[in-house]
Structures are given as C-alpha cells and as structure tokens.
Amino acid sequence: MKEHAVEFADLWHHMPSKVERTGGFWLVRAGRNLAKPNYHVGPKQIDCYGLHFIVSGDIQLIYKHEVVLLHAGDLFCLFPHNTYEYRIASDEELKMVWLTLEGPQMRELMRAVGLSLHLPYRSSVVDEAVIHLLQEVEQIIWGEKPKW
C-alpha cells in the first residue's frame, strides 16, 4: 500500500469499454485502505456511487446534517452529487474496501440492497460471505490475496 497523509491505500482506476457501458452498471474505481489515527475525508462529493465496506474499526459518517457511528461489518454508500464527510472514530485499526460504480441501474440497485439518499448505510451486512467476495475482488485487481 502507498502511504498518504491520512492513510495507507491502494487505488485502482478503470475506463469501462463501450461494451461494459451497455450494461446496467460498471466498476470505475476500487480501493482499500488502512487508516492512520488522523484519518478524515471531506466534506466531499463524487459523481458515482461509492460503496464502502468496513472490514475493521469504527467510522463516523456525516451526511445531510446527520451523524452516525459505523462499525466493522457495516456498509455505507456515497451517492452522486451529495456531500459526505467521514473520519476514524476509535483507536481500533480502521480498514475499508471500496468499490465505485456508475450506470443507469445503480439507483435501483442501491434501493434493492436497502440504501438510499436518506439512509446511506446498512449495519451488520458485511458478513463472511461478503468478506470472501471482497477478497476475491482484491485478488483479481491487485493480484494478491489480502492479508485480512
């Protein structure tokens, strides 16, 4: 992982082909991090849907004047063109994996998994099956099995 001011992180960017863009959604970025004690992101907006999977640790998410504490096993989504802020919320090591997607079916897909602009997080949904899938994605993208 590359060292940054507030984290150690690997980032991956993808330019979807015309064929990929004919589908309902496609992956444009992915990342994984290990946060430093001063980890803080935002306020920020993105133009896609950013799904963040909390592997370990705690994070404070701020959106639409709401503040929520999220933990390992939780998931949150940054919806396009909305302002979010998040920061480390405990002394426990914070690790996250994120997938950034776009496409015409993303809003409906988020609704189907229970995420919305008014409730952009889900608690206790990152179980062993999801962890295994995230590890598979990491192995495909970075060519190595994650150590977590």
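User: What is the order of the four strands in the open sheet, and which pairing do they have?

Analyst: In this predicted model, the order is 4-9-6-7, and the pairing is antiparallel. Strands are DSSP runs of E with at least two residues, numbered from the N terminus. The model being predicted, local features need pLDDT of at least 70, side-chain atom pairs count only at pLDDT 80 or more, and totals for chains, interfaces and linings use all residues. Residues are numbered from 1 along each chain as its sequence is written, while side-chain values use heavy atoms, with hydrogens and water left out.

User: Why is one side of strand 4 and of strand 7 left without a neighbour in the sheet?

Analyst: Strand 4 (40-44) and strand 7 (66-71) stand at the edges and have a single partner strand each, so one side of each lacks a neighbour in the sheet. On average, neighbouring strands of this sheet are turned by 15 degrees against each other, direction ignored. Such angles are taken between axes, which are lines fitted to C-alpha atoms; angles run from 0 to 180 degrees between N-to-C directions.

User: What joins strand 4 to strand 9?

Analyst: Two strands pair if DSSP finds at least two bridges between them. Three bridges join strand 4 to strand 9 (residues 84-88), and the two run antiparallel. Lys 44 stands opposite Tyr 84 in strand 9.

User: Over how many bridges do strand 6 and strand 7 pair?

Analyst: Strand 6 (residues 58-63) pairs with strand 7 over six bridges, in the antiparallel sense. Ile 62 stands opposite Val 67 in strand 7. The two strands form a hairpin with two residues between them, and Lys 64 in the turn has a positive phi of about 45 degrees.
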